Amino acid sequence: MKRKVVYQQQQKFNYKWKRKVFAAILLGFCFGSLVLMQCQYTRIMSLRPRFVQKPKIAFLFIARNRLPLEMVWDKFFKAQESRFSIYVHSRPGFLFSKGTTRSIYFLDRQVNDSIQVDWGGASMIEAERILLRHALADPFNDRFVFLSDSCIPLYNFSYTYNYIMSTSTSFVDSFADTKEGRYNPKMAPVIPIHNWRKGSQWAVLTRKHAEIVVNDTTVFPMFQQHCKRKSLPEFWREHSFPADPSKEHNCIPDEHYVQTLLAQESLEGELTRRSLTYSSWDLSSSKDHERRGWHPATYKYADATPLLIQSIKEIDNIYYETEHRREWCSDKGKPSSCFLFARKFTRPAALRLLTMSVLGANSNEAIRESKHAK
């Protein structure tokens with residue numbers, strides 16, 4: 001009887017032991033299979049091309065209504081969808097639909113909180129801030145390019161992208177304004193005169209600088225109050241007659257705001273102090289001496305030639321008279337053209353250049369064009 005009990009206990013022990021061994025073997029098999037599958041998956045994934053979202057350039061258009069040069073930009077943006085985004089500030093209520101644009105890249109790209117913009121008023125810089133606010137919502141937007149509705153690209157997208165992204169600086173045309181007397185002493189002490197700057201509004205900002213512009217609650221209110229365009233005689237009926245028109249400060253906010261704000265924040269060391277957008281300031285086009293130089297020259301159909309584009313591309317330095325400073329232009333440490341964009345072009349002029357295929361050339365093509373022309 002005792003032997004039978006001992007035998008049964010031994011059998012029971014052997015059964016439990018076998019179950020444990022079997023469970024251990026099964027567990028080891030499962031673990032090994034899992035490791036093998038993981039290795040296979042890792043190997044397969046390593047062979048697949050990875051998609052890594054590159055930093056994007058946000059193109060910020062300020063337009064009256066529609067974009068008359070949309071087809072020039074349509075060609076520029078084609079097949080580059082992962083490297084750019086578009087935002088358009090147009091008049092309130094204007095929509096970019098199939099009825100108002102022929103380019104798929106501009107469909108529904110209007111901001112939904114646009115304002116009425118008056119030239120020479122603080123509303124222009126408020127429109128810029130609105131565009132930046134929308135563009136900053138996309139975390140992949142890393143550079144922010146301001147463009148007007150009369151701008152054209154001079155090079156292809158890849159060259160433009162690499163040029164802008166090759167440096168960690170913003171491109172902001174900025175120089176000390178010592179001649180025109182646009183500074184209003186009422187801005188002091190919030191904005192001291194030694195931080196007062198002037199330049200083109202067509203800037204290219206890094207994300208850091210774009211955030212500073214959007215979050216500014218100090219400099220912008222001062223511009224709203226004390227930086228205003230000189231009143232023009234044709235509007236004196238609508239507004240009070242100035243006591244002494246000669247003593248009015250003729251301050252154009254968009255030519256001072258970003259430059260002054262970044263100087264105020266001690267960030268000029270983070271700037272390439274020139275614009276990437278070419279404008280031709282014709283000082284003799286207006287019969288009115290007071291208005292000469294208020295607007296850049298407009299290029300019409302007859303002006304739109306390969307020689308014009310070549311002459312703009314050949315500019316390799318900019319001289320700033322008030323600072324006795326010459327800015328030599330470079331790309332990746334090598335001498336280069338100063339400008340990637342140009343304005344002001346009419347629709348017929350831009351379309352003529354498009355049909356001539358002189359827009360969109362890269363730097364090497366530009367050199368060949370130049371040698372051929374000579």
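Student: Which residue does C227 join through a disulfide?
Tutor: In this predicted model, C227 is joined to C251, with an S to S distance of 1.8 Å.

Student: Is that disulfide left-handed or right-handed?
Tutor: The torsion about the S-S bond of C227 and C251 is about -80°, so the disulfide is left-handed.

Student: And where do C227 and C251 lie?
Tutor: C227 and C251 each lie in the loop between α6 (219-226) and α7 (257-264), so the pair ties together parts that are 24 residues apart in sequence.

Student: Are they buried or exposed?
Tutor: C227 counts as buried because its relative accessibility is 1%. C251 counts as buried as well, at 0% relative accessibility.

Student: How many disulfides does the structure hold?
Tutor: It holds two disulfides. Besides C227 and C251, C329 and C338 form a disulfide, with their sulfur atoms 1.9 Å apart. The torsion about the S-S bond of C329 and C338 is about 95°, so this disulfide is right-handed. Both C329 and C338 are buried.

Student: What pattern do the disulfides follow along the chain?
Tutor: With bonded cysteines counted along the chain, the pattern is 1-2, 3-4.

Student: Changing topic: which residues touch the most other members of the largest nonpolar core?
Tutor: That core has 52 residues, and those touching the most other members are F59, F61, W73, F77, F106, I152 and F345. Helix α4 (residues 157-165) gives the most to this core, with five residues.

Student: What does F345 touch?
Tutor: Leaving aside residues up to four places away in sequence, F345 touches L69, S150, I152, Y299, L308, I309 and L353.

Student: What about a second core?
Tutor: A second, separate core has 39 residues, including I62, L132, W202 and L262.

Student: What is the strand order in the open sheet of three strands?
Tutor: The order is β4-β15-β10, and the pairing is mixed. The edge strands β4 (152-153) and β10 (277-278) each pair on one side only. Strand β15 (residues 341-342) pairs with β10 in the parallel sense over two bridges. The bridge partner of Y278 in β15 is A342.

Student: How many helices and strands does the whole chain have?
Tutor: The chain has ten helices and 15 strands. Of its 374 residues, 46% count as buried.

Student: What is the average pLDDT, and where does it stay under 50?
Tutor: The chain averages a pLDDT of 84, and 76% of the residues score at least 70. pLDDT stays under 50 over residues 233-239, for which the model has seven contacts beyond four places in sequence. Over residues 285-292 it also stays under 50, and there the model has nine such contacts.

Key
Residues numbered from 1 in each chain as written. Predicted model: local features only at pLDDT ≥ 70, side-chain atom pairs only at ≥ 80, totals over all residues. Heavy atoms only, no water. Core = buried A, V, L, I, M, F, W, Y, C linked by side-chain atoms within 4.5 Å. Buried < 20%, exposed > 50% of the residue type's maximum accessible area, 1.4 Å probe, protein only. Helix = DSSP H or I, 4+ residues; strand = E, 2+ residues; numbered from the N terminus. Contact = heavy atoms within 4.5 Å. Pairing = 2+ DSSP bridges. pLDDT = per-residue confidence, 0-100. Disulfide = S-S within 2.5 Å.
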